[in-house]
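The stops below proceed from one selection to the next.

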Amino acid sequence: MAGTGGASPSIYPTVLYADAKAAIRQLTQAFGFTELSVYEGENGMVAHAELVQGNGAVMLGSKGRGGRFDELMKGAGPAGVYVVVDDVDAHHQRAVDHGAEILMPPTDQDYGSRDYMARDVEGNIWSFGTYAPEIGG
């Protein structure tokens, strides 16, 4: 992602899943994320996971694992996350090859981006595209 000056991102989308392990599989296999860390509780639930894509990351965990964040997110609807990728068409093909539900195929946008949208295993919408806002420092 452009505009971060090589530093760690300062914003991390956080998503909870009923089956966080299935979500991690899909995000890594179909959408090309890399596991940075996965911490499981004694009950096998994902207490916390961090997956990276480029120089950005998403945090995720299991619903029902307890804690204040889990309590506050109970009943929350799906989230939408945008991820910058270099080659939208190759990324899209990978997602298709792994059975991801594609909501919009790669499309050239009026503002210069090329992007596509997919739904993950629990209904969250992931957009992947070339638009990378320049964030001044």
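How many residues lie between β7 and β8 in their hairpin, and which residue in the turn has a positive phi? Five residues lie between β7 and β8, and G123 in the turn has a positive phi of about 95°.

Before continuing, note that this is a predicted model, in which local features need pLDDT of at least 70, side-chain atom pairs count only at pLDDT 80 or more, and totals for chains, interfaces and linings use all residues. Residues are numbered from 1 along each chain as its sequence is written, and side-chain values use heavy atoms, with hydrogens and water left out.

**First stop: the sheet that contains the hairpin**

Select β5, β6, β7 and β8. Helices (H or I, at least four residues) and strands (E, at least two) are DSSP runs, numbered from the N terminus; two strands pair if DSSP finds at least two bridges between them. The four strands form an open sheet in the order β5-β8-β7-β6, with mixed pairing. Because β5 (80–84) and β6 (101–108) stand at the edges with a single partner strand each, one side of each is left without a neighbour in the sheet. From one strand to the next, the twist averages 15°; axes are lines fitted to C-alpha atoms (for helices over the stretch in contact), and angles run from 0 to 180 degrees between N-to-C directions.

Now examine the pairs in turn. β5 and β8 (residues 125–129) run parallel and are joined by five bridges; select Y82 and its bridge partner in β8, S127. β7 and β8 pair in the antiparallel sense over five bridges, and A118 has W126 in β8 as its bridge partner. β6 and β7 (residues 114–119) are antiparallel, also with five bridges; here T107 has the bridge partner D115 in β7. The hairpin of β6 and β7 has five residues between the strands, and its G112 takes a positive phi near 100°.

**Second stop: the other sheet and its helix**

Select β1, β2, β3 and β4. These strands form an open sheet in the order β1-β4-β3-β2, and the pairing is mixed. β1 (14–17) and β2 (34–40) are the edge strands, each pairing on one side only. On average, neighbouring strands of this sheet are turned by 20° against each other, direction ignored. Five bridges join β3 (residues 46–53) to β4 (residues 56–62), which run antiparallel; A49 stands opposite L60 in β4.

Select Y17, L27, F31, F33, L60, W126 and F128. These residues have the most contacts inside the largest nonpolar core, which has 24 residues. A nonpolar core is a set of buried Ala, Val, Leu, Ile, Met, Phe, Trp, Tyr and Cys residues joined through side-chain atoms within 4.5 Å; buried means under 20% relative accessible area, exposed over 50%, and partly exposed in between (1.4 Å probe, protein chains only). The elements that give two or more residues to this core are β1, α1, β3, β4, β5, α3 (88–97), β7 and β8. The largest share, four residues, comes from α1.

Finally, centre the view on F128. Not counting residues up to four places away in sequence, the residues that F128 touches include F31, F33, Y82 and H91.

Technical notes: Contact = heavy atoms within 4.5 Å.
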